[in-house]
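Here is my note on the model you asked about. Please read it with the structure open beside you.

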Amino acid sequence: MTLLTVVFAAILCTIVWYRSETAREWSISVLCFTYWGASLMWLVDAFFEYAELHAAYFTPAPLDMLNDFYLGLSAVALGLLIWLVLLLVKDPKGVVKNTLSKLK
């Protein structure tokens, strides 16, 4: 479930990045790389878990699926937080700089 959640986020971000020129300006590619990297990590984890559990891997308990889904949502939220901090530091439109200069 974690793998599916992050893969869907990665696909969605990749589509947004590909279709929109302004998305490239807003560094959506960082978000894409973050989600694709997390997807690769959980894919490797799925391979190792399958090697350990075999057929039982495909029949998880509902509580385990819910916990995995929450973990996937947490990974998506963490990726968004990292992207937001990067966006605030990069400040492509100069909004943060203008706001801070008005406060002085």
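1. **Ground rules.** This is a predicted model, in which local features need pLDDT of at least 70 and side-chain atom pairs count only at pLDDT 80 or more, while totals for chains, interfaces and linings use all residues. Residues are numbered from 1 along each chain as its sequence is written, and side-chain values use heavy atoms, with hydrogens and water left out.

2. **Helix 3, its length.** Helices here are DSSP runs of H or I with at least four residues, numbered from the N terminus; strands are runs of E with at least two. Helix 3 covers residues 28–53, which is 26 residues. The expected span of a helix is 1.5 Å times one less than its number of residues.

3. **Helix 3, its buried side.** Buried means under 20% relative accessible area, exposed means over 50%, and partly exposed is in between (1.4 Å probe, protein chains only). Which residues of helix 3 are buried? They are Ile28, Leu31, Cys32, Tyr35, Ala38, Ser39, Trp42 and Ala46. The cover over these residues includes helix 1 (2–19), helix 2 (21–25) and helix 4 (62–90). Keep one rule in mind when you look at the list. An α-helix has 3.6 residues a turn, so residues three or four places apart point the same way.

4. **Ile28.** This residue lies in helix 3. Ile28 counts as buried because its relative accessibility is 11%. Contact means heavy atoms within 4.5 Å. Leaving aside neighbours within four places in sequence, Ile28 is in contact with Cys13, Trp17, Ala23 and Trp83. Ile28 and Val6 are 22 residues apart in sequence, and their C-alpha atoms are 15 Å apart in space.

5. **Helix 4.** Helix 4 has 29 residues. Gly72, Ala75, Val76, Gly79, Trp83 and Leu87 are the buried residues of helix 4. Helix 1 and helix 3 are among the elements that cover them.

6. **Ala10 in helix 1.** Ala10 is found in helix 1. With a relative accessible area of 0%, Ala10 is buried. Not counting residues up to four places away in sequence, Ala10 touches Tyr35, Trp36 and Ser39. Ala10 and Thr34 are 24 residues apart in sequence, yet 8.1 Å apart in space, C-alpha to C-alpha.

7. **The cysteines.** A disulfide is a covalent bond between the sulfur atoms of two cysteines. Here it is taken as a pair of cysteine sulfur atoms within 2.5 Å. How many disulfides does a search of the whole structure find? It finds zero.

8. **Positive phi.** Most residues other than glycine have a negative phi, and most peptide bonds are trans. Ser27 has a positive phi, near 60°. Ser27 lies in the loop between helix 2 and helix 3 and is buried, at 8% relative accessibility. His54 also has a positive phi, near 60°. His54 follows helix 3, in the loop between helix 3 and helix 4. At 47% relative accessibility, His54 is partly exposed. Asp91 follows helix 4, and its phi is positive, near 50°.

9. **The largest pocket.** On a 1 Å grid over the protein atoms alone, a pocket is an open set of points where a 1.4 Å probe fits, with protein on both sides within 12 Å along at least five of seven lines; lining residues have an atom within 4 Å of a point. The largest pocket holds about 390 Å³ of space. Of its 16 lining residues, Met1, Thr2, Glu49, Tyr57 and Asp68 are the closest to the centre. Helix 1, helix 3 and helix 4 are the elements that give two or more residues to the lining. Helix 3 gives the largest share, five residues.

10. **The lining by type.** Ala, Val, Leu, Ile, Met, Phe, Trp, Tyr, Cys and Pro count as nonpolar, Asp, Glu, Lys and Arg as charged, and the others, Gly among them, as polar. By that scheme the lining of the largest pocket has eleven nonpolar residues, one polar and four charged.

Technical notes. Points joined across faces, edges and corners; volume = space filled by probe spheres on them.
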